[in-house]
Structures are given as structure tokens and as C-alpha cells.
Amino acid sequence: MLKKYFIVVFIVGCCSHTYAQAYEKKSSVISVGYGVNNIWKALFKKSVLNGYYSSLGSAGPVTFIYEYGFHKRISAGVAISYSSIKAVSNYGSFVNTEKLTNFSSLARVTYHVLNKEKWDGYLGVGAGYFKFNYTSKDNSGSSNGGSGIKVPGAFGYSGLGGAKYYFTPHLAGMAEVGFVAGSYGQLGLAYKF
């Protein structure tokens, strides 16, 4: 009888989840997000003057975030992002391919306005470094004007509102809106430790 009791207590202990507050002082959170509505892709769409893009594709931005809670309502960390856009234009037999890549690294501060058992709602700002590289080549492989343009050390910023919902005490789904790493928002996962 005593053996069965310990087995039941062990199983209940392993299967039950105890939640503290979603955001906690002195905790670390790593997140991975994927951008929604790439801003740089939208700028490419508006830049067509005499032709059109037969194809316009993008990847990202993909963002990696680390934050540490140093106050009961304030956390700080870093967000690193990457995105790329490829646009192909056709002008009769002439084909032009443009590529734009973006890398950013921003310091980020977040104020946690909603802190419930499973919900962490927050507002944040970031500032740091954006690096762009642009190339333009025709179908013969020759570079066109402006190819290889680099913007070294460009100042970048972000402003956002977001929320995390914790499925378990450590794993959460994340959604952010605003100007986030070159997108109008992002969706992703977060892990608290």
C-alpha cells in the first residue's frame, strides 16, 4: 500500500506544473521570432518605376533575443536579427536581379505591464546597429549601378508591444507588434530559465 502511495505521489509530482509569475526578477529568457510583413520587401515593391518584379521574395527577419530581469518590472538584453530580399525584374530579354541583406544587433529594454501566472505583457524599445548590403546584377552577371552598396554603422531602433503566454513554467509563445527588426511584428517561442 505504501509503495502504491509513493508511485501516485511521484506521478502527480512529475505531471503537474506549478506556475510562478510569468515574468520574474533575476530570470533569463531566450526567444526566437520570425517577422511578419518585412518592411524592406515593402520598400522594394514601391521602388519599381519603369518595370515590374517578376518575382519578389524574402526570408525573415529571424530574431534571437536574450533578456535578463534585473528589476521587478524591467528587463534588458540584446536582439540580433537577419533578413534578406531578392527581386527579379524583366524588361524584355533583359533580366535584373537585386538582393538586399540586413543584419542588426540592438540593445533592448522592456517594461512588463501585465504579469500574471501565464501571461507576460510588455512594452519595449531598442537601439543599436543595422548593416545593409545591396547588389544588383543583370542576366550577363555584370554589376549594375549601386551594386555592393554597404551602409556601415547605421543607427537602428525598435519600438514594440508584446506578450508571452506560458504553456509550461518555462516555454511560451510570443507575439510582438511595432517596428521589430525590420518587420511590423513577429511571432515566436520563448524559454525562461
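This presentation covers the salt bridges, the nonpolar core and some local backbone features of one predicted model.

Good morning, colleagues. Because the model is predicted, local features are taken only at pLDDT of at least 70 and side-chain atom pairs only at pLDDT 80 or more, while totals for chains, interfaces and linings use all residues. Residues are numbered from 1 along each chain as its sequence is written, and side-chain values use heavy atoms, with hydrogens and water left out.

Let me begin with the charged pairs. The structure holds 4 salt bridges, a salt bridge being a side-chain nitrogen of Lys or Arg within 4 Å of a carboxyl oxygen of Asp or Glu. One of them joins Lys 192 to Glu 24, with an N to O distance of 3.2 Å. Lys 192 belongs to strand E9 (residues 183–192), whereas Glu 24 sits in the loop between helix H1 (2–15) and strand E1 (28–38), so that distant parts of the chain, 168 residues apart, are linked. Helices (H or I, at least four residues) and strands (E, at least two) are DSSP runs, numbered from the N terminus. Lys 192 is buried at 6% relative accessibility, while Glu 24, at 29%, is partly exposed. For these terms, buried means under 20% relative accessible area, exposed over 50%, and partly exposed in between, with a 1.4 Å probe and protein chains only.

A second pair is Lys 164 and Glu 67, whose side chains form a salt bridge at 3.9 Å, N to O. Lys 164 lies in strand E7 (residues 154–166) and Glu 67 in strand E2 (residues 53–69), 97 residues apart. Lys 164 is buried at 2% relative accessibility, and Glu 67 is buried at 4%.

Arg 108 and Glu 176 also form a salt bridge, with their closest N and O atoms 2.5 Å apart. Arg 108 is in strand E4 (residues 94–115) and Glu 176 in strand E8 (residues 171–180), so this pair ties together parts that are 68 residues apart in sequence. Both Arg 108 and Glu 176 are buried. Which residues are linked in a network of salt bridges? They are Glu 67, Arg 108, Lys 164 and Glu 176.

I turn now to the nonpolar core, defined as a set of buried Ala, Val, Leu, Ile, Met, Phe, Trp, Tyr and Cys residues joined through side-chain atoms within 4.5 Å. The largest has 11 residues in all, including Trp 40, Phe 44, Leu 100, Phe 130 and Tyr 134. Helix H2 (39–46), strand E3 (74–91), E4 and strand E5 (119–138) each give two or more residues to this core.

Next, consider Ser 81 in strand E3, which is buried at 6% relative accessibility.

Finally, the backbone. Most residues other than glycine have a negative phi, and most peptide bonds are trans. Here, the bond from Gly 60 to Pro 61 is cis, with omega near 15°. Asn 37, in strand E1, has a positive phi near 60° and is exposed at 53% relative accessible area. Ala 181, in the loop between E8 and E9, has a positive phi near 55° but is buried at 6%.
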